[in-house]
Amino acid sequence: MPSAHPLHLRSPAAEFRLGVLLVAGSAITWSFGGTIARFIHVADPWTVVFWRALFASSFLLLFMLWRDGPKATAAMFRNMGLPGLGVAVCFGVASSCFVVALQYTTVANILLTQAAAPLFAGLLAWMVFGERINGATWAAIAAVIGGVAIMVSSSVSGEVSPLGDGLALVITIMFSAAIVITRHYPEVRMTPAVCLGTAMACAAAFFLSGPLAVSLHDLCWLFLFGAVNLGAGLAMFVTGARLIPAALAALVGTLEPVLGPVWVWIFHGEVPSARTILGGAIVFAALFLHILTDWRRQRKQKRTSP
């Protein structure tokens with residue numbers, strides 16, 4: 001990282017405050033994704049995926065070139081290895097499914113299901129790597145599965161399309177897999193991995209989409225959807241998350257699923273169903289209490305450690 005970057009010159013308290021602000025800023029920025037998407041009037045979702053991924057990957061590449069320089073940026077891509085490629089695939093699939101899912105289900109269903117990713121990651125890590133899960137985490141996972149089941153039941157009753165809720169689950173599984181990979185391979189740098197993932201999504205959408213021509217109105221919203229909502233949101237998160245504990249970053253990140261349905265209700269009148277509100281409340285409560293308990297445990301261990 002160039003020496004001109006000011007982060008290493010700040011006091012620990014200032015770095016902590018900056019980290020919280022950046023992670024909160026990323027969550028708030030991401031929370032507008034569904035609202036921005038509803039302003040885009042493009043019939044083919046793969047055309048939206050193409051332009052969003054193109055703007056996002058371009059922004060992230062320019063961000064890394066500015067932050068780290070050309071040589072360090074090239075080295076990060078070379079050193080990702082298979083774990084980095086795995087994260088890239090997960091994010092490319094998840095970001096594509098997000099756009100397509102918006103055609104079939106509500107923003108609330110997608111975001112509140114996606115919020116369960118940290119706990120699903122614990123379940124996946126137990127299944128794949130045999131990681132130990134304590135009783136409190138098992139209870140939280142059970143509550144989350146129950147809450148998601150209530151939300152997904154809306155598709156059974158015909159309120160929303162089963163395809164939309166199915167894609168929301170795919171998004172959650174992909175994010176869970178990415179969390180597990182980065183946990184077991186901490187050397188994986190998230191920014192180049194996601195940049196590669198969005199580039200892969202862009203390439204896939206190029207072949208799957210219809211005509212790529214869009215109106216200037218839609219192109220402006222697509223720029224916001226890709227460069228600002230996805231790219232700038234991620235840049236803020238990866239910069240801020242390394243300055244604060246992981247549990248606190250996850251806790252602050254819950255602003256996204258809380259605020260996302262609010263924005264789309266205010267700007268587009270999209271009201272979540274009763275099942276979505278009930279299931280989402282269960283998911284959010286389980287996630288919030290689990291992360292808060294974990295954060296308090298980490299702080300207690302830090303105070304008692306020599």
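Modeller: Buried means under 20% relative accessible area, exposed over 50%, and partly exposed in between (1.4 Å probe, protein chains only). Helices (H or I, at least four residues) and strands (E, at least two) are DSSP runs, numbered from the N terminus. Now take helix H12. Its buried residues are Glu256, Pro257, Leu259, Gly260, Pro261 and Val264.

Colleague: What kind of model is this, and how are residues numbered?

Modeller: The model is predicted: local features need pLDDT of at least 70, side-chain atom pairs count only at pLDDT 80 or more, and totals for chains, interfaces and linings use all residues. Residues are numbered from 1 along each chain as its sequence is written, and side-chain values use heavy atoms, with hydrogens and water left out.

Colleague: How many residues does H12 have, and how far does H12 reach?

Modeller: Work out the expected span, which is 1.5 Å times one less than the number of residues. H12 has 14 residues, and 20 Å is expected. From first C-alpha to last, H12 reaches 20 Å. Just after H12 comes glycine 269, with a positive phi of about 70°.

Colleague: What span should helix H6 have?

Modeller: H6 covers residues 117-129. Its 13 residues should span 18 Å, and its end C-alpha atoms are 17 Å apart, which agrees. Ala117, Leu119, Ala121, Gly122, Leu123 and Ala125 are buried in H6.

Colleague: Which residues of H9 are buried?

Modeller: Thr191, Pro192, Ala193, Val194, Cys195, Gly197, Thr198, Ala201, Cys202 and Ala205 are. The cover over these buried residues includes H3, H4 and H10. H9 also passes the length check. Its 19 residues should span 27 Å, and its end C-alpha atoms are 26 Å apart, which agrees.

Colleague: Now the core. How many residues does the largest nonpolar core have?

Modeller: Such a core is a set of buried Ala, Val, Leu, Ile, Met, Phe, Trp, Tyr and Cys residues joined through side-chain atoms within 4.5 Å. The largest one here has 39 residues. Val48, Phe98, Leu102, Ile110 and Phe225 have the most contacts inside it. Two or more residues come from each of H2, H3 (45-78), H4 (81-101), H5 (107-114), H8 (162-184), H9 (190-208) and H10 (216-241). H4 gives the most, with 8 residues. A second, separate core has 25 residues, including Ala116, Leu119, Leu123 and Val148.

Colleague: What does phenylalanine 225 touch?

Modeller: Touching is contact, meaning heavy atoms within 4.5 Å. Leave out residues up to four places away in sequence. Phenylalanine 225 then touches Gly33, Ile36, Ala37, Ile40, Val48, Arg52, Phe98, Val99, Leu102 and Leu230.

Colleague: How many salt bridges does the structure hold?

Modeller: Side chains of opposite charge can pair when their charged atoms come close. The cut-off is a side-chain nitrogen of Lys or Arg within 4 Å of a carboxyl oxygen of Asp or Glu. The structure holds 2 salt bridges. One joins arginine 38 to glutamate 270, with the closest N and O atoms 2.9 Å apart. Arginine 38 lies in helix H2 (33-39) and glutamate 270 in the loop between H12 (255-268) and H13 (274-304), so the pair ties together parts 232 residues apart in sequence. Arginine 38 is partly exposed at 23%, whereas glutamate 270 is buried at 17%.

Colleague: Where does aspartate 68 lie?

Modeller: Aspartate 68 lies in helix H3. Its side chain meets that of arginine 67 in a salt bridge of 2.8 Å, N to O. Aspartate 68 is buried, at 11% relative accessible area. Arginine 67 is buried too, at 8%.

Colleague: Is asparagine 109 buried or exposed?

Modeller: Buried, with a relative accessible area of 1%. Asparagine 109 lies in helix H5. Valine 148 is 39 residues from asparagine 109 in sequence, and 8.8 Å away in space, C-alpha to C-alpha.

Colleague: How many disulfides does the structure hold?

Modeller: Look for a pair of cysteine sulfur atoms within 2.5 Å. The structure holds 0 disulfides. From the sulfur of cysteine 97, the closest cysteine sulfur is 11 Å away, in cysteine 90, too far for a bond. Cysteine 97 is buried, at 13%. For cysteine 220, the closest cysteine sulfur is in cysteine 202, 18 Å away, again too far for a bond. Cysteine 220 is partly exposed, at 44%.
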